[in-house]
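This briefing walks through the fold, the nonpolar cores, the aromatic pairs, the salt bridges and selected surface features of the structure shown below. Please read it alongside the sequence and the coordinates.

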Amino acid sequence: MNWNEFIDYDRNRIAWWLYLLVLAVGVVYVGYSFVGMFVLGVFLYYASRPVCDRVSSHVDNDGLAAGLTLAGIVTPILLVVGYVLLAGLRDAATLSGMPGSGLLAPLLNVDQLTTNQQSLVQTLVENPSRVGSLGTDRIRQVATAATTALGAVFGTLVLLSLSFGLAFFLLRDDDRIAAWFRDEVASPGSAAHAYAYAVDDELETVFFGNVLFVATMAILAAVVYYGFNFIAPPALTIPFAILLALLTGVASLVPLVVGKIVYVPVVGYLAWVAAGSGSASMIYPVGLLVVSFLVLDILPQTFLQPYISGNEIHMGIMMFAYLLGPMLFGWYGFFLLPLFFVLVIQAVRIVVTDLIHADELTPDVDAAPSLGERDLGDLGDEDDEDTDDSSEGASSASS
């Protein structure tokens with residue numbers, strides 16, 4: 001190769017790299033514009049992947065397995081969890097004196113309505129017969145408010161549809177994506193491959209294990225609190241039971257504390273009320289304490305948490321991620337900040353120590369070995385087997 005050919009060759013590569021850089025900037029911009037849809041889709045993927053793997057063992061078609069998982073299993077669970085969340089928001093609104101729309105404004109964009117429009121809509125909802133008595137200007141305001149509300153609902157439906165679509169394609173094609181990554185980007189035995197493997201494994205724990213554990217604990221707490229309200233006299237009922245159940249679910253992420261931070265003050269309040277009603281009434285708070293200790297403390301620490309969440313991830317770190325994420329980014333911060341924390345933690349575990357000491361990058365875990373897989377150096381054989389399996393599955397699917 002002479003000098004002119006070398007210059008042309010080098011210029012050609014530089015042009016391609018510049019072009020790819022422009023495309024990367026475009027991808028980042030699109031991802032930033034639709035970050036909520038992206039992180040929700042990633043959450044749905046990791047939250048449903050263990051279930052989809054079980055379904056795939058009985059269904060030969062990957063697309064059918066992904067569709068059955070999302071439509072038949074994930075969607076009903078999300079509807080139940082969504083109902084509990086909305087009921088909790090209603091209780092929080094009642095407790096704080098804030099209208100429900102004020103709590104839902106970041107998600108539904110109701111802040112686009114003026115104060116007069118919100119007041120008018122509330123009046124019409126409470127008394128629809130007043131529509132006929134409105135003037136032209138007021139009817140125009142109602143139409144504007146209704147159009148804004150319908151636009152917000154439509155936007156939410158589109159967001160959910162696109163997120164489910166992203167999760168579906170990831171569930172269907174994840175084996176092919178993983179095989180391409182191993183073949184073209186990071187070969188087994190490299191630091192990049194170990195990092196990607198650790199992140200993937202940890203995200204499944206975070207989004208499937210932890211969220212499922214929080215949802216399970218919230219539902220168990222709701223059953224305990226509402227069951228107590230059904231048995232106890234009206235003076236000793238638990239106020240805002242759904243909201244307290246949600247707080248119990250979130251508090252369960254804290255090791256050892258579990259639900260104590262919620263149900264112990266509730267029992268103390270009920271004991272104080274029962275003390276003024278006579279000694280016979282003390283049986284109710286004592287019974288609630290015993291049931292809560294068994295169902296919301298012993299059961300999760302002994303069986304649920306090790307089985308659902310695993311013991312490798314630091315629950316306290318994830319608790320901060322779940323709580324601070326919505327405060328920092330809005331509703332999608334609940335999924336975005338845990339994802340970011342996982343990326344940071346695994347980089348510290350695998351890469352940072354080698355970079356600081358100017359050592360060769362290896363797939364070995366050099367720091368915080370308790371926060372994830374302890375041995376990532378022997379992934380080559382496993383990945384070769386996975387590659388063979390995915391290749392056979394792809395060839396059988398194509399045939």
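This is a predicted model: local features need pLDDT of at least 70, side-chain atom pairs count only at pLDDT 80 or more; totals for chains, interfaces and linings use all residues.

From the N terminus on, the elements of the protein chain run α-α-α-α-α-α-α-α-α-α-α-α-α, which comes to 13 helices and zero strands.

**Overall fold**

- Of the 399 residues of the protein chain, 34% count as buried, and the chain exposes about 23,000 Å², of which carbon and sulfur atoms supply 68%.
- Among the contacts in the protein chain with a separation of 6 or more, 66% are accounted for by residues 24 or more positions apart.

**Nonpolar cores**

- The largest nonpolar core has 32 residues, and those with the most contacts inside it are Phe43, Leu203 and Phe207.
- At least two residues of this core are supplied by each of helix 2 (35–56), helix 3 (62–96), helix 6 (136–185), helix 7 (191–231), helix 11 (315–329) and helix 12 (333–356), with the largest share, ten residues, coming from helix 2.
- Apart from this core lies another core, of 25 residues, which includes Met217, Ala222, Leu236 and Ala241 among its members.
- As general background, nonpolar side chains tend to be buried together in soluble globular proteins.

**Phe207 and the aromatic pairs**

- Phe207 counts as buried, at 1% relative accessibility, and, leaving aside its neighbours within four places in sequence, Phe207 is in contact with Val42, Phe43, Tyr46, Ala47, Phe335, Pro338 and Leu339.
- The count of aromatic pairs comes to nine; in one of them, the rings of Phe43 and Phe207 have their centres 5.6 Å apart and their planes at 90°, so the pair is edge-to-face.
- Because Phe43 lies in helix 2 and Phe207 in helix 7, this pair ties together parts that are 164 residues apart in sequence; Phe43 is buried, with a relative accessible area of 7%.
- Phe334 and Phe335 form an aromatic pair that is also edge-to-face, at 5.3 Å centre to centre and with 90° between the planes.
- Within that pair, Phe334 is partly exposed, with a relative accessible area of 29%, whereas Phe335 is buried, with a relative accessible area of 11%.
- One aromatic cluster is formed by Phe43, Tyr45, Tyr46, Phe207, Phe334 and Phe335.

**Salt bridges**

- The count of salt bridges comes to five, and one of them joins Asp200 with Arg49, the closest N and O atoms being 2.9 Å apart.
- This pair links distant parts of the chain, with Asp200 in helix 7 and Arg49 in helix 2, 151 residues apart; Asp200 counts as partly exposed, at 26% relative accessibility, while Arg49 is buried, with a relative accessible area of 9%.
- The side chain of Asp173 meets that of Arg172 in a salt bridge (3.1 Å, N to O), and the side chain of Asp173 also meets that of Arg176 in a salt bridge (3.3 Å, N to O).
- Because Asp173 and Arg176 are three residues apart in helix 6, they are separated by about one helical turn.
- Asp173 is buried, with a relative accessible area of 19%, whereas Arg172 is partly exposed at 30% and Arg176 is partly exposed at 38% relative accessibility.
- Salt bridges that share partners also join Arg49, Asp200 and Glu204 into one network.

- Trp16, Trp17, Tyr19, Leu20 and Leu23 form a nonpolar patch on the surface, with about 580 Å² of accessible area together.
- Within this group, Trp17 has its place in helix 1 (residues 3–33) and is exposed, with a relative accessible area of 57%.
- Not counting residues up to four places away in sequence, Ser281 touches Leu236 and Ala274; Leu236 is itself among the residues of the 25-residue core.

Key:
Residues are numbered from 1 along each chain as its sequence is written. Side-chain values use heavy atoms; hydrogens and water are left out. Patches are made of residues with over 30% relative accessible area and no salt bridge: like charges are joined within 9 Å, nonpolar side chains (Val, Leu, Ile, Met, Phe, Trp, Tyr) within 5 Å. Accessible areas come from the Shrake-Rupley method with a 1.4 Å probe; for residues, only the protein chains shown count as cover. A salt bridge is a side-chain nitrogen of Lys or Arg within 4 Å of a carboxyl oxygen of Asp or Glu. Helices (H or I, at least four residues) and strands (E, at least two) are DSSP runs, numbered from the N terminus. Buried means under 20% relative accessible area, exposed over 50%, partly exposed in between (1.4 Å probe, protein chains only). Contact means heavy atoms within 4.5 Å. A nonpolar core is a set of buried Ala, Val, Leu, Ile, Met, Phe, Trp, Tyr and Cys residues joined through side-chain atoms within 4.5 Å. Rings of Phe, Tyr and Trp (its six-membered ring) pair if their centres lie within 6.5 Å; planes under 30 degrees apart count as stacked, over 60 as edge-to-face and the rest as tilted.
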